[in-house]
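User: I would like to learn how to read strand pairing and helix packing in a model. Can we work through one together?

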Amino acid sequence: MFDKLEQVKHLPISFGDIARYVIVPGDPNRVPIISELLDDVQHQGQNREFNAARGKYKDVDVSVVSTGIGCPSTAIAVEELSHIGAEVFIRIGTSGSVDGSAQKGDIFIATAAVRDDGTSKQYIPIEFPALADIEVVDSLIKASEALNVPTKVGVCQSKDSFFGEVEPERMPVSEYLDMKWKAWQRGGVGASEMEAATLFTLSSIFGLHSGGIFAVETHDKETIHKITKIVLESIYYMEKGAINA
Amino acid sequence: MPKEDGIEDAKGGLLDETVQYHVQLKKGDISDFVILPGDPGRVEFIAEHFDKAELVAENREYKTMTGEYKGRPVTVTSTGIGCPSAAIALEELANVGASTFVRCGTSGGMQEYTRVGEKVIATGAVRYEGTSIQYMPIEFPAVASHDMVLALKNSAIKNNLDHHLGIVQSKDSFYGQHNPEKMPIADELRQKWDAWVKGGVLCSEMEAATIFVVGSYRKVRTGAVLLVAGDQARGESLTKEEYKENMSESVKMILDSSLEIEVEI
(Lines give C-alpha, C1' and ligand atoms only; values in the text may rest on other atoms or scores of the structure.)
Protein backbone atom coordinates (compact mmCIF):
# COMPACT_ATOMS: atom_id res chain seq x y z
CA MET A 1 0.00 0.00 0.00
CA PHE A 2 2.76 2.40 0.94
CA ASP A 3 6.19 3.18 -0.29
CA LYS A 4 8.53 2.03 2.44
CA LEU A 5 10.41 4.94 3.95
CA GLU A 6 13.91 4.99 5.43
CA GLN A 7 13.05 7.75 7.91
CA VAL A 8 9.78 8.97 9.38
CA LYS A 9 9.03 12.27 11.06
CA HIS A 10 7.75 11.40 14.55
CA LEU A 11 8.81 7.88 15.55
CA PRO A 12 12.18 7.26 17.22
CA ILE A 13 12.79 4.31 14.87
CA SER A 14 13.18 3.84 11.14
CA PHE A 15 13.02 1.17 8.43
CA GLY A 16 14.46 -2.14 9.59
CA ASP A 17 13.86 -1.33 13.27
CA ILE A 18 10.33 -2.72 13.38
CA ALA A 19 8.72 -6.16 13.57
CA ARG A 20 5.74 -7.19 11.42
CA TYR A 21 3.70 -7.48 14.66
CA VAL A 22 3.41 -4.37 16.81
CA ILE A 23 1.76 -4.08 20.21
CA VAL A 24 0.44 -0.52 20.56
CA PRO A 25 -0.38 0.71 24.08
CA GLY A 26 -1.37 4.36 24.58
CA ASP A 27 0.96 5.03 27.51
CA PRO A 28 4.73 5.28 26.80
CA ASN A 29 5.37 4.07 30.37
CA ARG A 30 3.58 0.84 29.58
CA VAL A 31 6.12 -0.09 26.88
CA PRO A 32 8.74 -1.39 29.38
CA ILE A 33 6.01 -3.22 31.37
CA ILE A 34 4.80 -5.05 28.25
CA SER A 35 8.40 -5.68 27.13
CA GLU A 36 9.13 -7.57 30.37
CA LEU A 37 7.42 -10.57 28.76
CA LEU A 38 9.68 -10.51 25.69
CA ASP A 39 13.11 -12.10 25.27
CA ASP A 40 16.17 -10.24 23.92
CA VAL A 41 14.52 -6.85 24.51
CA GLN A 42 16.02 -3.83 22.87
CA HIS A 43 14.80 -0.43 24.07
CA GLN A 44 14.98 1.72 20.97
CA GLY A 45 14.26 5.14 22.42
CA GLN A 46 11.46 7.66 22.73
CA ASN A 47 10.43 10.75 20.79
CA ARG A 48 7.40 12.71 22.08
CA GLU A 49 4.79 10.10 23.18
CA PHE A 50 6.22 7.42 20.91
CA ASN A 51 8.32 4.97 22.93
CA ALA A 52 9.69 1.92 21.09
CA ALA A 53 11.02 -1.48 22.08
CA ARG A 54 11.59 -4.72 20.24
CA GLY A 55 12.12 -8.33 21.30
CA LYS A 56 11.12 -11.92 20.73
CA TYR A 57 8.30 -14.20 21.88
CA LYS A 58 8.88 -17.89 21.13
CA ASP A 59 11.25 -16.72 18.37
CA VAL A 60 8.61 -14.44 16.78
CA ASP A 61 9.84 -10.89 16.31
CA VAL A 62 7.55 -8.43 18.18
CA SER A 63 7.68 -4.63 18.56
CA VAL A 64 6.02 -2.49 21.24
CA VAL A 65 5.38 1.17 20.35
CA SER A 66 3.19 3.60 22.30
CA THR A 67 0.69 5.81 20.44
CA GLY A 68 0.03 8.48 23.06
CA ILE A 69 -3.53 9.31 24.06
CA GLY A 70 -6.12 9.81 21.35
CA CYS A 71 -6.76 9.15 17.68
CA PRO A 72 -4.64 12.03 16.22
CA SER A 73 -1.34 10.64 17.55
CA THR A 74 -2.53 7.05 16.91
CA ALA A 75 -3.02 7.87 13.22
CA ILE A 76 0.53 9.23 13.03
CA ALA A 77 1.87 6.10 14.72
CA VAL A 78 -0.06 3.72 12.43
CA GLU A 79 0.93 5.61 9.27
CA GLU A 80 4.61 5.83 10.17
CA LEU A 81 4.82 2.27 11.53
CA SER A 82 3.34 0.92 8.32
CA HIS A 83 5.73 3.07 6.26
CA ILE A 84 8.66 1.37 7.97
CA GLY A 85 7.30 -2.18 7.65
CA ALA A 86 4.72 -3.02 10.37
CA GLU A 87 1.61 -4.93 9.25
CA VAL A 88 -0.27 -6.22 12.29
CA PHE A 89 -1.25 -3.90 15.17
CA ILE A 90 -2.72 -4.99 18.47
CA ARG A 91 -3.74 -2.29 20.89
CA ILE A 92 -3.42 -2.99 24.61
CA GLY A 93 -5.31 -0.42 26.62
CA THR A 94 -7.54 0.46 29.49
CA SER A 95 -11.21 1.31 29.10
CA GLY A 96 -14.35 2.34 30.91
CA SER A 97 -17.52 0.27 30.92
CA VAL A 98 -20.63 1.37 29.01
CA ASP A 99 -23.64 -0.97 28.92
CA GLY A 100 -22.62 -3.13 31.88
CA SER A 101 -21.83 -6.21 29.80
CA ALA A 102 -18.16 -5.66 30.69
CA GLN A 103 -17.37 -4.42 34.19
CA LYS A 104 -14.43 -3.40 36.36
CA GLY A 105 -11.79 -6.12 36.24
CA ASP A 106 -13.05 -7.69 33.00
CA ILE A 107 -10.94 -8.08 29.86
CA PHE A 108 -12.60 -6.86 26.69
CA ILE A 109 -11.79 -7.83 23.08
CA ALA A 110 -13.15 -5.33 20.52
CA THR A 111 -14.72 -6.52 17.26
CA ALA A 112 -15.44 -2.96 16.10
CA ALA A 113 -15.51 0.63 17.34
CA VAL A 114 -17.94 3.53 17.50
CA ARG A 115 -16.29 6.35 15.52
CA ASP A 116 -16.82 9.09 18.12
CA ASP A 117 -13.45 10.49 17.08
CA GLY A 118 -12.47 13.23 14.69
CA THR A 119 -9.43 11.66 13.05
CA SER A 120 -10.92 8.71 11.17
CA LYS A 121 -13.35 11.09 9.41
CA GLN A 122 -10.39 12.79 7.76
CA TYR A 123 -9.69 9.44 6.09
CA ILE A 124 -13.12 8.07 5.06
CA PRO A 125 -16.76 9.23 5.51
CA ILE A 126 -18.48 8.41 8.78
CA GLU A 127 -20.81 5.75 7.32
CA PHE A 128 -17.81 3.38 6.95
CA PRO A 129 -17.56 0.85 9.84
CA ALA A 130 -14.46 0.72 12.06
CA LEU A 131 -13.88 -3.03 12.17
CA ALA A 132 -11.11 -5.00 13.82
CA ASP A 133 -9.51 -7.61 11.58
CA ILE A 134 -11.49 -10.86 11.83
CA GLU A 135 -8.34 -13.02 12.07
CA VAL A 136 -6.81 -10.85 14.78
CA VAL A 137 -10.05 -11.03 16.81
CA ASP A 138 -10.22 -14.78 16.30
CA SER A 139 -6.59 -15.23 17.40
CA LEU A 140 -7.17 -13.10 20.52
CA ILE A 141 -10.25 -15.14 21.45
CA LYS A 142 -8.47 -18.45 20.86
CA ALA A 143 -5.40 -17.31 22.83
CA SER A 144 -7.50 -16.19 25.81
CA GLU A 145 -9.36 -19.50 25.79
CA ALA A 146 -6.09 -21.44 25.65
CA LEU A 147 -4.76 -19.42 28.60
CA ASN A 148 -8.03 -19.87 30.49
CA VAL A 149 -8.64 -16.14 30.83
CA PRO A 150 -12.32 -15.19 30.55
CA THR A 151 -13.01 -12.24 28.23
CA LYS A 152 -15.95 -10.21 26.92
CA VAL A 153 -16.18 -9.69 23.16
CA GLY A 154 -18.01 -6.77 21.54
CA VAL A 155 -18.14 -3.22 20.23
CA CYS A 156 -16.19 -0.44 21.95
CA GLN A 157 -16.61 3.33 21.72
CA SER A 158 -13.69 5.60 20.81
CA LYS A 159 -14.05 9.18 22.01
CA ASP A 160 -11.83 12.23 21.72
CA SER A 161 -12.75 13.91 25.01
CA PHE A 162 -11.84 11.98 28.15
CA PHE A 163 -13.56 14.47 30.46
CA GLY A 164 -16.60 14.55 28.18
CA GLU A 165 -17.11 10.95 29.24
CA VAL A 166 -16.29 11.14 32.93
CA GLU A 167 -17.75 14.60 33.67
CA PRO A 168 -20.26 15.22 30.85
CA GLU A 169 -22.40 17.52 33.03
CA ARG A 170 -19.84 20.31 32.96
CA MET A 171 -19.55 20.38 29.17
CA PRO A 172 -21.46 22.94 27.07
CA VAL A 173 -22.64 19.99 24.94
CA SER A 174 -23.69 17.88 27.97
CA GLU A 175 -27.13 17.04 26.56
CA TYR A 176 -25.63 15.83 23.30
CA LEU A 177 -23.10 13.71 25.21
CA ASP A 178 -25.82 12.22 27.43
CA MET A 179 -28.06 11.40 24.50
CA LYS A 180 -25.31 9.58 22.66
CA TRP A 181 -24.08 7.76 25.75
CA LYS A 182 -27.60 6.40 26.31
CA ALA A 183 -27.66 5.16 22.70
CA TRP A 184 -24.33 3.36 23.16
CA GLN A 185 -25.70 1.75 26.34
CA ARG A 186 -28.90 0.59 24.66
CA GLY A 187 -27.19 -0.42 21.43
CA GLY A 188 -24.76 -2.81 23.05
CA VAL A 189 -21.42 -1.00 23.43
CA GLY A 190 -19.27 -2.76 26.04
CA ALA A 191 -16.23 -0.53 26.57
CA SER A 192 -15.12 3.09 26.10
CA GLU A 193 -11.59 4.08 25.13
CA MET A 194 -9.80 6.59 22.89
CA GLU A 195 -7.82 5.02 20.01
CA ALA A 196 -9.49 1.93 18.50
CA ALA A 197 -11.75 3.66 15.93
CA THR A 198 -8.82 5.28 14.13
CA LEU A 199 -6.58 2.21 14.51
CA PHE A 200 -9.28 -0.04 13.01
CA THR A 201 -10.36 2.35 10.25
CA LEU A 202 -6.85 3.11 9.03
CA SER A 203 -5.81 -0.55 9.15
CA SER A 204 -8.89 -1.56 7.21
CA ILE A 205 -8.49 1.00 4.43
CA PHE A 206 -4.72 0.53 4.10
CA GLY A 207 -4.85 -3.28 3.99
CA LEU A 208 -3.22 -3.71 7.41
CA HIS A 209 -4.51 -5.86 10.28
CA SER A 210 -5.51 -4.65 13.72
CA GLY A 211 -7.31 -5.54 16.92
CA GLY A 212 -7.68 -4.28 20.47
CA ILE A 213 -7.88 -5.75 23.96
CA PHE A 214 -8.67 -3.69 27.05
CA ALA A 215 -8.55 -3.91 30.83
CA VAL A 216 -11.89 -2.51 31.98
CA GLU A 217 -11.39 0.12 34.70
CA THR A 218 -8.17 -1.59 35.82
CA HIS A 219 -4.59 -0.33 35.46
CA ASP A 220 -2.41 -2.63 37.59
CA LYS A 221 0.70 -4.29 36.25
CA GLU A 222 -0.64 -7.80 36.86
CA THR A 223 -3.64 -7.22 34.56
CA ILE A 224 -1.47 -5.61 31.88
CA HIS A 225 0.78 -8.68 32.00
CA LYS A 226 -2.23 -11.01 31.76
CA ILE A 227 -3.43 -9.14 28.66
CA THR A 228 0.07 -9.04 27.20
CA LYS A 229 0.30 -12.85 27.48
CA ILE A 230 -2.96 -13.19 25.49
CA VAL A 231 -1.66 -10.79 22.85
CA LEU A 232 1.72 -12.52 22.52
CA GLU A 233 0.08 -15.92 22.23
CA SER A 234 -2.32 -14.56 19.58
CA ILE A 235 0.67 -13.21 17.63
CA TYR A 236 2.22 -16.65 17.81
CA TYR A 237 -1.00 -18.17 16.37
CA MET A 238 -1.03 -15.63 13.55
CA GLU A 239 2.62 -16.22 12.76
CA LYS A 240 1.90 -19.94 12.56
CA GLY A 241 -0.41 -19.33 9.66
CA ALA A 242 -3.82 -17.99 10.54
CA ILE A 243 -3.24 -14.62 8.90
CA ASN A 244 -2.27 -14.12 5.29
CA ALA A 245 -1.34 -10.55 4.56
CA MET B 1 -38.32 -12.79 34.73
CA PRO B 2 -40.91 -14.33 32.45
CA LYS B 3 -44.37 -12.85 32.62
CA GLU B 4 -47.35 -15.15 33.01
CA ASP B 5 -47.60 -17.53 30.04
CA GLY B 6 -44.68 -15.78 28.39
CA ILE B 7 -41.58 -17.70 27.38
CA GLU B 8 -38.15 -16.18 27.25
CA ASP B 9 -36.21 -15.82 24.03
CA ALA B 10 -32.50 -16.57 23.72
CA LYS B 11 -31.45 -13.18 25.05
CA GLY B 12 -33.80 -13.17 28.03
CA GLY B 13 -36.48 -11.00 26.42
CA LEU B 14 -40.08 -12.05 26.22
CA LEU B 15 -41.45 -13.61 23.08
CA ASP B 16 -44.52 -12.02 21.67
CA GLU B 17 -47.54 -14.31 21.43
CA THR B 18 -49.42 -12.11 19.01
CA VAL B 19 -49.37 -12.20 15.22
CA GLN B 20 -46.84 -9.62 14.09
CA TYR B 21 -48.31 -6.73 12.13
CA HIS B 22 -46.36 -6.93 8.88
CA VAL B 23 -44.80 -10.38 8.64
CA GLN B 24 -48.02 -12.03 9.92
CA LEU B 25 -46.08 -14.53 12.03
CA LYS B 26 -46.52 -15.68 15.61
CA LYS B 27 -44.38 -17.64 18.05
CA GLY B 28 -43.93 -21.19 16.80
CA ASP B 29 -44.14 -20.29 13.10
CA ILE B 30 -40.40 -19.85 12.66
CA SER B 31 -37.08 -21.33 13.73
CA ASP B 32 -34.29 -19.49 15.54
CA PHE B 33 -32.25 -19.36 12.30
CA VAL B 34 -33.70 -17.14 9.57
CA ILE B 35 -32.35 -16.60 6.05
CA LEU B 36 -33.24 -13.17 4.66
CA PRO B 37 -33.40 -12.69 0.89
CA GLY B 38 -34.71 -9.36 -0.43
CA ASP B 39 -36.92 -10.84 -3.14
CA PRO B 40 -40.12 -12.69 -2.13
CA GLY B 41 -39.73 -14.56 -5.41
CA ARG B 42 -36.50 -16.10 -4.09
CA VAL B 43 -38.10 -17.60 -0.96
CA GLU B 44 -39.36 -20.74 -2.65
CA PHE B 45 -36.05 -21.20 -4.47
CA ILE B 46 -34.17 -21.04 -1.15
CA ALA B 47 -36.65 -23.40 0.55
CA GLU B 48 -36.06 -25.96 -2.21
CA HIS B 49 -32.65 -26.47 -0.60
CA PHE B 50 -34.25 -27.51 2.72
CA ASP B 51 -35.09 -31.17 3.37
CA LYS B 52 -38.67 -30.11 4.02
CA ALA B 53 -40.46 -26.77 4.04
CA GLU B 54 -43.89 -25.24 4.24
CA LEU B 55 -45.30 -21.81 3.59
CA VAL B 56 -46.28 -20.22 6.92
CA ALA B 57 -47.17 -16.64 5.98
CA GLU B 58 -47.29 -14.17 3.13
CA ASN B 59 -48.14 -10.49 3.41
CA ARG B 60 -46.85 -7.51 1.36
CA GLU B 61 -43.16 -8.23 0.54
CA TYR B 62 -42.80 -10.63 3.47
CA LYS B 63 -43.06 -14.29 2.51
CA THR B 64 -42.01 -16.93 5.05
CA MET B 65 -41.33 -20.65 4.76
CA THR B 66 -40.15 -22.85 7.64
CA GLY B 67 -38.62 -26.30 7.48
CA GLU B 68 -35.58 -28.37 8.27
CA TYR B 69 -32.06 -28.84 6.93
CA LYS B 70 -30.16 -31.94 8.07
CA GLY B 71 -32.38 -32.08 11.14
CA ARG B 72 -31.91 -28.41 11.97
CA PRO B 73 -34.99 -26.13 11.95
CA VAL B 74 -34.57 -23.24 9.48
CA THR B 75 -36.75 -20.40 8.19
CA VAL B 76 -36.59 -18.12 5.15
CA THR B 77 -38.32 -14.71 5.11
CA SER B 78 -38.05 -12.08 2.36
CA THR B 79 -37.40 -8.50 3.49
CA GLY B 80 -38.32 -6.58 0.36
CA ILE B 81 -35.86 -4.09 -1.10
CA GLY B 82 -34.18 -1.64 1.20
CA CYS B 83 -33.41 -1.01 4.85
CA PRO B 84 -36.86 0.33 5.92
CA SER B 85 -38.64 -2.97 5.19
CA ALA B 86 -35.62 -5.03 6.36
CA ALA B 87 -35.74 -3.35 9.80
CA ILE B 88 -39.45 -4.24 10.13
CA ALA B 89 -38.72 -7.86 9.20
CA LEU B 90 -35.87 -8.23 11.69
CA GLU B 91 -37.79 -6.60 14.56
CA GLU B 92 -40.93 -8.66 14.08
CA LEU B 93 -39.05 -11.93 13.51
CA ALA B 94 -37.02 -11.31 16.69
CA ASN B 95 -40.30 -10.70 18.56
CA VAL B 96 -41.47 -14.22 17.72
CA GLY B 97 -38.26 -16.10 18.43
CA ALA B 98 -35.62 -15.59 15.72
CA SER B 99 -32.12 -15.17 17.15
CA THR B 100 -29.88 -15.58 14.07
CA PHE B 101 -30.34 -13.67 10.80
CA VAL B 102 -28.33 -14.25 7.65
CA ARG B 103 -29.03 -12.11 4.63
CA CYS B 104 -28.80 -13.97 1.32
CA GLY B 105 -28.63 -11.30 -1.36
CA THR B 106 -27.21 -10.01 -4.59
CA SER B 107 -24.77 -7.14 -5.04
CA GLY B 108 -22.64 -5.18 -7.46
CA GLY B 109 -18.88 -5.75 -7.36
CA MET B 110 -16.75 -2.70 -6.51
CA GLN B 111 -13.12 -3.88 -6.71
CA GLU B 112 -10.90 -5.15 -9.51
CA TYR B 113 -10.80 -8.49 -7.75
CA THR B 114 -14.51 -8.94 -6.96
CA ARG B 115 -15.92 -10.74 -9.99
CA VAL B 116 -19.45 -11.81 -10.88
CA GLY B 117 -20.31 -15.21 -9.44
CA GLU B 118 -18.16 -14.74 -6.35
CA LYS B 119 -19.64 -14.62 -2.86
CA VAL B 120 -18.90 -11.88 -0.38
CA ILE B 121 -19.20 -12.71 3.32
CA ALA B 122 -19.80 -9.33 4.96
CA THR B 123 -17.82 -8.51 8.10
CA GLY B 124 -19.49 -5.09 8.28
CA ALA B 125 -21.33 -2.52 6.19
CA VAL B 126 -21.09 1.13 5.18
CA ARG B 127 -24.19 2.85 6.62
CA TYR B 128 -25.11 4.91 3.54
CA GLU B 129 -28.81 4.50 4.32
CA GLY B 130 -31.45 6.25 6.37
CA THR B 131 -32.96 3.52 8.55
CA SER B 132 -30.17 2.52 10.93
CA ILE B 133 -29.60 6.14 11.99
CA GLN B 134 -33.14 6.12 13.40
CA TYR B 135 -31.83 3.44 15.77
CA MET B 136 -28.23 4.37 16.54
CA PRO B 137 -26.07 7.43 15.82
CA ILE B 138 -24.01 7.17 12.65
CA GLU B 139 -20.70 6.67 14.49
CA PHE B 140 -21.80 3.16 15.59
CA PRO B 141 -20.29 0.42 13.39
CA ALA B 142 -22.56 -1.84 11.31
CA VAL B 143 -20.76 -5.06 12.22
CA ALA B 144 -21.76 -8.67 11.58
CA SER B 145 -21.49 -11.13 14.48
CA HIS B 146 -18.00 -12.59 14.83
CA ASP B 147 -19.14 -16.20 15.27
CA MET B 148 -21.52 -15.96 12.30
CA VAL B 149 -18.77 -14.62 10.02
CA LEU B 150 -16.51 -17.49 11.06
CA ALA B 151 -19.27 -20.09 10.56
CA LEU B 152 -19.94 -18.74 7.05
CA LYS B 153 -16.24 -18.67 6.24
CA ASN B 154 -15.81 -22.27 7.41
CA SER B 155 -18.80 -23.31 5.32
CA ALA B 156 -17.42 -21.55 2.22
CA ILE B 157 -14.07 -23.31 2.61
CA LYS B 158 -15.77 -26.68 3.18
CA ASN B 159 -17.94 -26.19 0.09
CA ASN B 160 -14.94 -25.00 -1.94
CA LEU B 161 -16.62 -21.69 -2.93
CA ASP B 162 -14.80 -18.62 -4.27
CA HIS B 163 -15.42 -16.03 -1.61
CA HIS B 164 -14.23 -12.74 -0.14
CA LEU B 165 -14.43 -11.55 3.45
CA GLY B 166 -14.86 -7.85 4.09
CA ILE B 167 -16.90 -4.67 4.17
CA VAL B 168 -19.92 -4.07 1.90
CA GLN B 169 -21.79 -0.84 1.14
CA SER B 170 -25.51 -0.46 1.88
CA LYS B 171 -27.31 2.30 -0.01
CA ASP B 172 -30.91 3.48 -0.23
CA SER B 173 -30.96 4.63 -3.85
CA PHE B 174 -30.44 1.88 -6.41
CA TYR B 175 -30.41 4.34 -9.32
CA GLY B 176 -28.17 6.72 -7.39
CA GLN B 177 -25.54 4.03 -7.69
CA HIS B 178 -26.29 3.02 -11.25
CA ASN B 179 -26.81 6.49 -12.77
CA PRO B 180 -25.15 8.91 -10.35
CA GLU B 181 -24.60 11.51 -13.05
CA LYS B 182 -28.39 12.02 -13.41
CA MET B 183 -28.86 12.87 -9.73
CA PRO B 184 -28.86 16.43 -8.34
CA ILE B 185 -26.32 15.23 -5.74
CA ALA B 186 -24.09 13.62 -8.36
CA ASP B 187 -20.89 15.04 -6.85
CA GLU B 188 -21.59 13.65 -3.39
CA LEU B 189 -22.52 10.24 -4.80
CA ARG B 190 -19.33 10.06 -6.86
CA GLN B 191 -17.09 11.39 -4.11
CA LYS B 192 -18.36 8.87 -1.57
CA TRP B 193 -18.30 5.98 -4.03
CA ASP B 194 -14.64 6.73 -4.73
CA ALA B 195 -13.93 6.77 -0.99
CA TRP B 196 -15.58 3.35 -0.49
CA VAL B 197 -13.62 1.89 -3.41
CA LYS B 198 -10.35 3.31 -2.07
CA GLY B 199 -11.26 2.05 1.41
CA GLY B 200 -11.52 -1.51 0.10
CA VAL B 201 -15.31 -1.94 0.16
CA LEU B 202 -16.08 -5.13 -1.77
CA CYS B 203 -19.62 -4.76 -3.11
CA SER B 204 -22.77 -2.66 -3.01
CA GLU B 205 -26.19 -3.80 -1.80
CA MET B 206 -29.21 -2.39 0.07
CA GLU B 207 -30.03 -4.09 3.41
CA ALA B 208 -26.97 -5.32 5.36
CA ALA B 209 -26.17 -2.12 7.32
CA THR B 210 -29.59 -1.97 8.96
CA ILE B 211 -29.67 -5.73 9.61
CA PHE B 212 -26.31 -5.42 11.43
CA VAL B 213 -27.16 -2.28 13.43
CA VAL B 214 -30.69 -3.32 14.44
CA GLY B 215 -29.26 -6.78 15.18
CA SER B 216 -26.71 -5.25 17.60
CA TYR B 217 -29.50 -3.38 19.37
CA ARG B 218 -31.79 -6.44 19.52
CA LYS B 219 -28.83 -8.58 20.72
CA VAL B 220 -29.29 -11.15 17.97
CA ARG B 221 -26.70 -12.79 15.72
CA THR B 222 -26.33 -11.44 12.16
CA GLY B 223 -24.43 -12.18 8.99
CA ALA B 224 -24.73 -11.70 5.23
CA VAL B 225 -23.67 -13.47 2.06
CA LEU B 226 -23.82 -11.31 -1.06
CA LEU B 227 -23.52 -12.86 -4.47
CA VAL B 228 -21.75 -10.52 -6.89
CA ALA B 229 -24.39 -10.55 -9.62
CA GLY B 230 -23.24 -7.49 -11.57
CA ASP B 231 -20.20 -5.36 -12.24
CA GLN B 232 -20.94 -1.78 -13.30
CA ALA B 233 -17.37 -0.91 -14.24
CA ARG B 234 -16.93 -3.93 -16.48
CA GLY B 235 -20.55 -4.09 -17.68
CA GLU B 236 -20.75 -7.74 -16.63
CA SER B 237 -23.70 -9.64 -15.21
CA LEU B 238 -24.77 -13.23 -14.65
CA THR B 239 -27.05 -15.09 -17.07
CA LYS B 240 -30.25 -16.52 -15.58
CA GLU B 241 -28.69 -19.98 -15.41
CA GLU B 242 -25.44 -18.72 -13.86
CA TYR B 243 -27.46 -16.71 -11.36
CA LYS B 244 -29.44 -19.78 -10.23
CA GLU B 245 -26.35 -21.90 -9.93
CA ASN B 246 -24.45 -19.28 -7.95
CA MET B 247 -27.39 -18.34 -5.73
CA SER B 248 -27.74 -22.04 -4.98
CA GLU B 249 -24.13 -22.04 -3.77
CA SER B 250 -24.85 -19.04 -1.50
CA VAL B 251 -27.85 -20.84 -0.01
CA LYS B 252 -25.81 -23.99 0.62
CA MET B 253 -23.08 -21.95 2.29
CA ILE B 254 -25.66 -20.41 4.65
CA LEU B 255 -27.48 -23.69 5.35
CA ASP B 256 -24.27 -25.52 6.21
CA SER B 257 -23.21 -22.62 8.44
CA SER B 258 -26.51 -23.04 10.36
CA LEU B 259 -25.30 -26.45 11.55
CA GLU B 260 -22.52 -24.68 13.47
CA ILE B 261 -24.99 -22.33 15.15
CA GLU B 262 -26.60 -23.64 18.30
CA VAL B 263 -30.38 -23.82 18.44
CA GLU B 264 -31.15 -21.29 21.12
CA ILE B 265 -34.90 -21.37 21.39
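User: In strand 9 of chain A, which residue is the bridge partner of Cys156(A)?

Analyst: Keep in mind that this model is predicted. The bridge partner of Cys156(A) in strand 9 is Ala191(A). That pair belongs to a wider pairing. Strand 8 and strand 9 (residues 189–193) of chain A run parallel and are joined by four bridges.

User: In which sense do strand 6 and strand 8 of chain A pair?

Analyst: Parallel, over eight bridges. Strand 6 covers residues 107–116 of chain A. For one position, take Phe108(A), which stands opposite Lys152(A) in strand 8.

User: How many residues of strand 8 of chain A are buried?

Analyst: Start with the general idea. In a regular strand, side chains alternate between the two faces of the sheet. Now the case here. Strand 8 (residues 152–159) of chain A has six of its eight residues buried, so the rest of the structure largely encloses it.

User: Now the helices. At what angle do helix 2 and helix 6 of chain A pack?

Analyst: At about 30°, with the axes 8 Å apart. Helix 2 spans residues 71–83 of chain A, and helix 6 spans residues 196–205. Angles under 35 degrees count as roughly parallel, so helix 2 of chain A is roughly parallel to helix 6 of chain A. The crossing is right-handed.

User: Which residues meet where helix 2 and helix 6 of chain A touch?

Analyst: Helix 2 brings Cys71(A), Thr74(A), Ala75(A), Val78(A) and Glu79(A). Helix 6 brings Thr198(A), Leu199(A) and Leu202(A). By class, the contact has five nonpolar residues, two polar and one charged.

Terms used:
Residues are numbered from 1 along each chain as its sequence is written. Chains are lettered from A and ligands numbered from 1 in the order in which they are written. This is a predicted model: local features need pLDDT of at least 70, side-chain atom pairs count only at pLDDT 80 or more; totals for chains, interfaces and linings use all residues. Side-chain values use heavy atoms; hydrogens and water are left out. Axes are lines fitted to C-alpha atoms, for helices over the stretch in contact, and angles run from 0 to 180 degrees between N-to-C directions. Helices (H or I, at least four residues) and strands (E, at least two) are DSSP runs, numbered from the N terminus. Angles under 35 degrees count as roughly parallel, over 145 as roughly antiparallel, 65 to 115 as roughly perpendicular and the rest as oblique. A crossing is left-handed if the near helix is turned anticlockwise from the far one by less than a right angle, and right-handed if clockwise. Contact means heavy atoms within 4.5 Å. Ala, Val, Leu, Ile, Met, Phe, Trp, Tyr, Cys and Pro count as nonpolar, Asp, Glu, Lys and Arg as charged, and the others, Gly among them, as polar. Buried means under 20% relative accessible area, exposed over 50%, partly exposed in between (1.4 Å probe, protein chains only). Two strands pair if DSSP finds at least two bridges between them.
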